[in-house]
Amino acid sequence: MELENLNPNVYKKSAERSVTSTETDDSVVDPFDEREIFDLIRAINDPEHPLSLEELHVVQQNLISVDNAHNEIKVNFTPTIPHCSMATLIGLSIRVKLLRSLPPRFKVTVEITPGTHSSEHAVNKQLADKERVAAALENAHLIEVINQCIAV
Amino acid sequence: MGHLELQHTLTGHKGRVWGADWHPKNNALATCGEDKTIRLWSQEGNRWITKTILSDSHTRTIRDISWSPCGQFLASASFDATTAIWDRKSGQFECNATLEGHENEVKSVAWSRSGSLLSTCSRDKSVWIWEVAGEDEFECAAVLNAHTQDVKKVTWHPNEDILASASYDNTIKMYKEDPADNDWMCVSTLTGHTSTVWSISFDATGNRLASCSDDRTIKIWQSYLPGNVEGIATPDGDAVWKCVCTISGHHTRSIYDISWCPHTGLIATACGDDIVRIFKEAENSTKIAPVFEIVTAQHGAHSQDVNTVKWCPSTPGLLLSTSDDGEAKIWKYES
């Protein structure tokens, strides 16, 4: 397969998150935060390159927002090039990873960072359509590809 | 203000419950979902119990189910691209016909008021009309390719052989048979929603239609027949549908289903914010400028997205809901 983006910019990985003493204390309420969501998705493999979404800056912690009170999580992701045909697959991988990792009370929105993809609206609409996502995840070939992306 | 009283919680499905339908006559209903099964429930005393599980016909998610008006047949639409027809001629429910033709996921199935026609729709953008041709025989009467995207829902007019469909292309379309050549054709396109139209429901007269959308609004559409007193032009001699009301500001996520009760006139909605809402037409409402008020919002009706709402055809005020949380619930609306 021909690579769409031959020489993507590669960025440094962030350091491991240090665990504080209150986090291991069960008597302290510890809501989800942006860093925890980032930790769940940063190691997802790019479908084209042997690099993580973090190293390509496809996902970044400052493009994640968590609203614990309303159980809402919003993740924006940035394709490396505006015509990236893998955008839907990357979005699906992020969605599936969060679906499998988070409690079901959360409403997760995964969208392309505004202005970074030529078919931004169409991709966002597909990713938001839970019926299409559910049907896609019943496709054995597609789920295999996604599992490869989210395997750590 | 009214409120919804939870009467029963129906548990048993594994995973998301997508569709549900009340039996037209008896105290019975059917549910279907991600676990590829159909559950038939009936009321015994004060409990709803699973009477039968139908599990050997579909290989993927069952998205929607529909009882025929006579209550003898059940149709199920699946992501496996087929529609199954079940009956109990042998004493227990069996699948005696499988309708094939759609290229991919079938999203919705509906019987016409007489039970002689069946409609299905799919992600393949088409709407099919099937004629009941005899025992366990169905003939394709039309393949309608009016939509430009995924078709989410089909529903029949309550009193005439008019079909309506809702789509990912943000529009609603109406179809009827041309008496000149018996060809089905699209006679109107209702535009106004700004995202996917998930579901539609006629009122008891069929002169009004309610629609719900990913744009988080409900719209009420009014039909104007040729010669209407309002003077709305009807160029082709067909009814013209106009949006007369948009209900916004209530729903905070996608609205997946809507049901207009033929007995009470109440409108119920199923929303991705886990809430079931009930709307009632206001005192000062008129035909050309209807006004709807919210009478209750059941927060946390389910612990996840609500997928279906359906008013009971035989008992006014009874409402059925299904959810991603794996449950179906029966509610009683008290005013």
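Predicted model: local features only at pLDDT ≥ 70, side-chain atom pairs only at ≥ 80, totals over all residues.

Student: Great! What is the strand order in the open sheet of chain A?

Tutor: The order is 1-2-3, and the pairing is mixed.

Student: And which strands of chain A stand at the edges?

Tutor: Strand 1 (64-67) and strand 3 (107-112) of chain A do. Each has a single partner strand, so one side of each has no neighbour in the sheet.

Student: How are neighbouring strands turned against each other?

Tutor: By 10 degrees on average, with direction ignored.

Student: In which sense do strand 2 and strand 3 of chain A pair, parallel or antiparallel?

Tutor: Parallel, over six bridges; strand 2 covers residues 72-77. Within that pair, Lys74(A) sits opposite Thr109(A) of strand 3.

Student: What lies across strand 1 and strand 2 of chain A?

Tutor: Helix 1 of chain A, residues 34-41, which runs at about 125 degrees to strand 1.

Student: Switching topic: how many residues of each chain are in contact?

Tutor: Seven from chain A and eight from chain B. On the chain A side, four are charged and three nonpolar, with no polar residues.

Student: What does UniProt list as "repeat: WD" in chain B?

Tutor: The unreviewed entry lists several spans, including residues 55-96 and 144-176.

Student: How far apart are the ends of those two?

Tutor: For residues 55-96 of chain B the end C-alpha atoms lie 14 Å apart, with 48% strand and 0% helix. For residues 144-176 of chain B they lie 11 Å apart, with 52% strand and 0% helix.

Methods
Residues numbered from 1 in each chain as written. Chains lettered and ligands numbered in written order. Contact = placed C-beta atoms within 7 Å. Nonpolar A, V, L, I, M, F, W, Y, C, P; charged D, E, K, R; others polar. Pairing = 2+ DSSP bridges. Helix = DSSP H or I, 4+ residues; strand = E, 2+ residues; numbered from the N terminus. Axes fitted to C-alpha atoms, helices over the stretch in contact; angles between N-to-C directions. UniProt positions renumbered as here; feature names shortened; annotations may be inferred.
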